[in-house]
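Me: I have a structure open and have not looked at it before. Can you take me through it?

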Amino acid sequence: MLNAGELWLLRHAKSDGSQHLADFERPLNARGQKAATQLGIWLKSQRLNPQRIVASPAVRARETIDRVCQAAHWPEAWLTFDRRLYEADLNRLYQILADHARPGQILLLVGHNPGLEMLLHDLVQDPELQDMDKPMPTAALARLTITQPITPGSVAKYTVIRVKSLPYS
């Protein structure tokens, strides 16, 4: 389990629902492509780097992390795809964390709602966060500081970065 490290949660960027494709196959739309690139540029400017990235292989999540990695200059070697992230519920997300998290490491999970929001709410348990309408809009990145093994309420500090609030948007 993860101890004294960070967990980052990235919801995929805005997808294109206009095409008649299966949900898993939906690509990013133009706004989503731009947002993912902007987030990567910002991460690079802040010198923020995970040590490990685990992403859903759904097309929109894959395109999101590809654009973030390219803009942030993160190597592909950091990236692993885990099919369980697609349509993951809270229990499955905890299983994924148990399989991929390492002590003292910064782990980035790239996935989907409602799972990522459920995990954020469960880990943080902050009434202010609970009252937010959409704490994880598309292309949002939640940075969670973990000071003990990952359990409900174990987050010491968190921030949610929204692309609309970045200087590059």
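Reply: Let's begin with His73, which counts as exposed because its relative accessibility is 58%. Keep in mind that this is a predicted model.

Me: Where is His73 found?

Reply: His73 is in the loop between helix 2 (59-72) and strand 3 (79-81). Its phi is positive, about 65°, although His73 is not a glycine.

Me: What about the peptide bond from Asn113 to Pro114?

Reply: That one is cis, with omega near 10°. Most peptide bonds are trans. Pro114 is in the loop between strand 4 (106-111) and helix 4 (115-124).

Me: Now the rings. How many aromatic pairs does the structure hold?

Reply: Two. In one, the ring centres of Phe24 and Tyr86 are 4.9 Å apart and the planes are at 85°, so this pair is edge-to-face. Phe24 lies in the loop between strand 1 (5-11) and helix 1, and Tyr86 in the loop between strand 3 and helix 3 (90-100), so the pair ties together parts 62 residues apart in sequence.

Me: Are Phe24 and Tyr86 buried or exposed?

Reply: Both are buried. The other pair is Trp74 with Trp78: their ring centres are 6.1 Å apart and the planes are at 45°, so the pair is tilted. Trp74 counts as buried because its relative accessibility is 5%, while Trp78, at 24%, counts as partly exposed.

Me: Which charged end sits over the ring of Phe24?

Reply: That of Arg83, 4.3 Å from the ring centre. Arg62 lies over the face of Phe81, at 3.8 Å from the ring centre.

Me: Different topic. What volume does the largest pocket have?

Reply: About 380 Å³. The largest pocket has 17 lining residues, and those nearest its centre are Arg31, Pro137, Thr138, Ala139 and Lys164.

Me: Where does the largest share of that lining come from?

Reply: From helix 1 (residues 30-45), which gives four residues.

How values were computed:
Residues are numbered from 1 along each chain as its sequence is written. This is a predicted model: local features need pLDDT of at least 70, side-chain atom pairs count only at pLDDT 80 or more; totals for chains, interfaces and linings use all residues. Side-chain values use heavy atoms; hydrogens and water are left out. On a 1 Å grid over the protein atoms alone, a cavity is a set of points where a 1.4 Å probe fits but cannot get out, and a pocket is an open set with protein on both sides within 12 Å along at least five of seven lines; lining residues have an atom within 4 Å of a point. Grid points are joined across faces, edges and corners, and a volume is the space filled by probe spheres set on the points. Helices (H or I, at least four residues) and strands (E, at least two) are DSSP runs, numbered from the N terminus. Buried means under 20% relative accessible area, exposed over 50%, partly exposed in between (1.4 Å probe, protein chains only). Rings of Phe, Tyr and Trp (its six-membered ring) pair if their centres lie within 6.5 Å; planes under 30 degrees apart count as stacked, over 60 as edge-to-face and the rest as tilted. A charge sits over a ring if NZ of Lys or CZ of Arg is within 6 Å of the ring centre and within 35 degrees of the ring normal.
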